[in-house]
Amino acid sequence: TYGNGLFVAVSESGTGNRVMTSPELPYLSFSGTTAQSLSGTMTATSSLPNVVFSESGTKTFTATASTSAFIIATSSGTVNAPDTLSITGDFANSSSFTAPTTFIFDGARNQTATGTWSGTPNLTVAGSGQKTFTTNASTTDVTVNSGAELVPPPTLSIDGDYTNNGTSSSIATHWTSRTSAADNDWYSVTYGNGLFVAVSDS
């Protein structure tokens, strides 16, 4: 489960400690119940860390922004992106999100985007690693830069141009076996705030 910036997982049985917590991640939480505005310099050395949006107030960017993770909770009012939004972490929308004109995923690692957006942004995948989109989406132009890999959702609608200087592939080809933390019987896994949490019963 998640709360207060931490994930906590428990195991019913096993050897040793059976409670785990994730490392606390730096983030900005925008939780106003009335309208909030994000303005000023939010790029380069002034980029935002992980951002989390919650509570009913509308959140509106008025200037170009760069962030790490970008998380919109179910409880959040609509988040209105700036003209250009660059994300180096994961994107998760469980509420309402008005997409930017230019939407850039440019982390130096694998990134995942879940949830919908309104609008048809120009989508750029850059940096390195796989950029995996799990929810059907509409875009104008799509650009895949060298070194990046686009893993599209089942349907990615493109109204403009498509330029691929990197790699574009099917999501079905990228399952990877990993070493578990312990040789237990693992039954459940959940994801949020850039981390996966798994639970075993022995």
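Predicted model: local features only at pLDDT ≥ 70, side-chain atom pairs only at ≥ 80, totals over all residues.
**Parallel strands and an aromatic core**

I104 stands opposite T124 in strand 16. That position belongs to the pairing of strand 14 (residues 102–105) with strand 16 (residues 122–125), which is parallel and runs over 4 bridges. Strands here are DSSP runs of E with at least two residues, numbered from the N terminus, and two of them pair if DSSP finds at least two bridges between them.

Residues are numbered from 1 along each chain as its sequence is written, and side-chain values use heavy atoms, with hydrogens and water left out.

An open sheet of 6 strands has the order 8-11-14-16-19-22, with parallel pairing. Strand 8 (65–67) and strand 22 (162–164) are at its edges and have a single partner strand each, so one side of each lacks a neighbour in the sheet.

Next, strand 6. Strand 6 (residues 50–53) directs N50 and V52 one way and V51 and F53 the other, and all are buried, that is, under 20% relative accessible area with a 1.4 Å probe, protein chains only. Strand 4 (residues 27–30) pairs with strand 6 in the parallel sense over 4 bridges, and F30 stands opposite F53. Strand 9 (residues 70–72) also runs parallel to strand 6, joined to it by 3 bridges; there F53 faces I72.

F53 leads us to the core. The largest nonpolar core contains 30 residues, and F53, F61, F70, F91, F97, F103 and F105 have the most contacts inside it. Such a core is a set of buried Ala, Val, Leu, Ile, Met, Phe, Trp, Tyr and Cys residues joined through side-chain atoms within 4.5 Å.

Finally, the aromatic rings. The structure holds 14 aromatic pairs, meaning Phe, Tyr or Trp rings (the six-membered ring for Trp) with centres within 6.5 Å; planes under 30 degrees apart are stacked, over 60 edge-to-face, and the rest tilted. F70 and F91 are stacked, at 6.0 Å centre to centre with 25° between the planes. F70 lies in strand 9 and F91 in strand 12 (residues 91–93), so this pair ties together parts 21 residues apart in sequence. F91 also pairs edge-to-face with F103, at 5.6 Å and 85°. F70 is buried at 0% relative accessibility, as is F91 at 1%.

Conventions: Buried < 20%, exposed > 50% of the residue type's maximum accessible area, 1.4 Å probe, protein only.
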